[in-house]
Amino acid sequence: MYSRFMDTKLDAWEILHAEVQLGGFAPAAEKLNRSQSTISYAAGRLQEQLGVRLFEIRGRKAHLTAARTALPMLFFTALLPAAETAHLSIDASKAGAKIDRNLFGQFAENLGHGLYEGIWVGPDSPISNTRGIRNDVVTALRALKVPNVRWPGGCFADEYHWRKGIGASAQRPATLNAAWGDVVDPNSFGTHEFMDFMQQIGSEPYVSINVASGSPQEAAEWLEYMTAAKPTALAKERAANGHPDPYPVGFLGIGNESWGCGGSMTADGYLSQLKIYSHFVRNDNPAQQGKNGMLRIAVGPGFPETEWTETVMKGWQHHDWTWNIDGLSLHWYTVANGWTPSTPSTAFGVAEYAKTLKSTLFMEEFLRKQEAVMDKYDPEKKVALAVDEWGAWHAALPGTNPSFLVQQNSIRDAILASLNLNIFARHASRVRMSNIAQMINVLQAMILTDQEKMVVTPTYYVYKMYVPFQDGTFVPITFDAGTYTQDSVSLPRVDALAARDASGKLWVEITNLDPEKPVDLDAEIAGMTFHSANGETLTAPAADSVNTVAAPNMVVPKQLTASVKGGKLALTVPPKSVTVLSLEP
Ligand code: AHR
């Protein structure tokens, strides 16, 4: 009996506890912010695992048996899973690569409710806004110190014609968004609105130009329109449209997935286009010359094979003054069951949780393979890798337009985000930019909106907790990750990251992947004396816990203090958690 209890999942126990405390499925579902079907499924599974009859169905109602009422007490007093242990060792005097703040970039495509409703409500909206841009969203995003935002796509970029999105809003043509559901696009959110949004959230624009259905001339004119300071016709047109000063364009994407939705090109075909575009598309903003120059990012692979990277980098190795690039993009999504995305973003169990995390860890191998090719042609690492689309791609939420890629965001997604950010940081000498897909209401979003309401997701909190790592210096950390096994899926139990910020403070992140067991950590820290360690931990009642407009605080970070004795740090991190601590000298 004892071992059967120990096999039982903590998640189901939490559900059972709530059911017994509150007297049924419906109030437990409400309290835990889960569907009633999840609650009754978990109870059924627990019953099977324990071999104890916990409830019986009479009529259409579930009734508790006498055995059931006694179980939680037994569990909570005697059977909590024992903590695992882990040992970390950090030498704070050692310095690795800079963790570029642009690793924490975002992606806002004209897709579904990402821009329209998510950011743009228009100046006449009853929803509080500044020049048409939602104030609640801006306030939330400012706290993330978003370094850059990629816009307007994605697949949408290679169908976008910028002239349709400038000038008086009422005169802009309505077009079809053929990339995403053929919905009518009023073009109200164009260049000026995007730049205004960037200025409001304090971020740098990463503009993707249209290489597939556009032309080098159209792209060159868009750049001149945005960046020229001299009184050219295009600069005057920009001024007439309300912005005399040139806009900053920090990053330029030359096409998007040109091997797929961006023109179905071969690598050689793309390379020819790249040479032309990278020469003629200029940034004329006087503030963005020399070392502050705009970084040009070429299309890279979206598949593990390396031929595309090989072709572009080999071409780049022999580039002359007529063309150049500063980055190569890479797209890789976590699609746990393979294409087409089918993993639910709500009401899933620990098996689905583990499978998704296993799938996300493939990012490490993917990067290693592509980097090996880049190192061959660019040993000095002049060309950065920009992972400008990544994140969890789950099944669309039932009842939503499948072209709008709407999904919920759980603690599983938060853990997935921290694992990827840690991978990027470990590869920081080459990976200098990343853009999670996507910022609002689409895929692995930071924010979900519902009319005038808004909720921030568990992934949002990870980005917030990681702010101190922006532009930090990587500090090597060694640890034995241990193993967490779920069915046939084996994963490292813990992951960790350390960095020093500009003030010398040491920041340590620990991810506990195990959804059931806490981890007792002790960390030896050499190279610095410190007296206190404080921080935050993000965890949740269940592996599929989410925040909703009705229950926005299911997954929120909580304060945490670690004990410090004789240069050692000791703390217990909860199951399925992301923890960030700062160590004060
Ligand atoms: O992020 C959604 C889509 O995924 C992007 O538009 C495209 O580039 C990728 O295939």
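**Views of a predicted protein chain**

View 1. Of the 585 residues in the protein chain, 56% are buried. The model is predicted.

View 2. The protein chain holds 15 helices and 29 strands.

**View 3. Helix H6 and its buried residues.** Helix H6 spans residues 135-142. Which residues of helix H6 are buried? They are Val137, Val138, Ala140 and Leu141. Seen down the axis of H6, these buried residues fall within an arc of 165 degrees, so they line one face of the helix. An α-helix has 3.6 residues a turn, so residues three or four places apart point the same way.

**View 4. What covers H6.** Several elements cover the buried residues of H6. Among them are two helices, H7 (191-201) and H15 (458-465). Strands E7 (133-134), E17 (447-450) and E18 (453-456) are also included.

**View 5. Confidence along the chain.** The mean pLDDT of the protein chain is 91. A pLDDT of 70 or more is reached by 86% of its residues. Over residues 1-10, pLDDT is below 50. Beyond near neighbours in sequence, that stretch has 28 contacts in the model. Residues 72-78 also stay under 50. For residues 72-78, the model has 10 contacts beyond four places in sequence. Where pLDDT is low, the predicted coordinates should not be read in detail.

Notes:
Residues numbered from 1 in each chain as written. Predicted model: local features only at pLDDT ≥ 70, side-chain atom pairs only at ≥ 80, totals over all residues. Heavy atoms only, no water. Buried < 20%, exposed > 50% of the residue type's maximum accessible area, 1.4 Å probe, protein only. Helix = DSSP H or I, 4+ residues; strand = E, 2+ residues; numbered from the N terminus. Arc of directions from axis to C-beta. Contact = heavy atoms within 4.5 Å. pLDDT = per-residue confidence, 0-100.
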